[in-house]
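Subject: Structure for you to look at

Hi,

Here is the structure I promised. Please open it first, then read my notes below.

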Amino acid sequence: MKVPEEPCQCPDCLRFYREHDRLIREFPTLRQQQEINWAALQSFRTLCGRVVEDLQKQLNSNSLPKSEDLKAGTIERKEKSITQVMSDLENINAHLYSIEALMERIFDVKVPEEFEDKFREIAGELAPDPLNIDRLRLNRLLHQTPDLPDK
Ligand SMILES: [Zn+2]
């Protein structure tokens, strides 16, 4: 069995690597990771919740005036799709709620500043700034090496 040596390079994966590294680079401490992940979870819940509320309102106001019988079929289809989306979003919110309950435990931990420095150090190794001048120089050197296996 052959294990691929290179990570997948499809556009979705590339976007994921970029985003992954950016989050490490921009939030390089335990505290910052805790905060950003909590904020991401909460903003996801808030937005989904508000959309569901709004769709509910739309559904309620639609069901009031049914003067035009011609449009009844269209309205019914529309209501059905709104109901479906609402139920999907409520599902997501239920999952997010469970994740929140688990995640709260992560936030009990606080480490002394010297360990936050360790986080910063490792973050710098994992996700160096792609525009950092030393890295650009290193990349250029690597690409000039003639006996590089690929190509
Ligand atoms: Zn991929």
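The expected span of a helix is 1.5 Å times one less than its number of residues. Keep that rule in mind for helix H1. Note also that this is a predicted model.

Helix H1 covers residues 11-26, which is 16 residues. At 1.5 Å a residue, H1 should span 22 Å, and its end C-alpha atoms are 22 Å apart, so the two agree. H1 is also hardly covered: the count of buried residues in it is zero.

Now the whole protein. It has five helices and zero strands. Along the sequence the pattern reads α-α-α-α-α. Of the 151 residues, 1% are buried. Take the contacts between residues at least 6 apart in sequence: 79% of them join residues at least 24 apart.

Is Asp88 buried or exposed? Asp88 has 12 other C-beta atoms within 10 Å. A residue counts as exposed at 12 or fewer, so Asp88 is exposed. Asp88 and Val52 are 36 residues apart in sequence, yet their C-alpha atoms are 9.6 Å apart in space.

Last, confidence. The mean pLDDT of the protein is 85, and 78% of its residues reach 70 or more. Among the elements, helix H4 (residues 113-126) has the highest mean pLDDT, 95. Helix H5 (residues 133-144) has the lowest, 65.

Best wishes

Note on methods: Residues numbered from 1 in each chain as written. Predicted model: local features only at pLDDT ≥ 70, side-chain atom pairs only at ≥ 80, totals over all residues. Helix = DSSP H or I, 4+ residues; strand = E, 2+ residues; numbered from the N terminus. Buried ≥ 20, exposed ≤ 12 C-beta atoms within 10 Å, placed from the backbone. Contact = placed C-beta atoms within 7 Å. pLDDT = per-residue confidence, 0-100.
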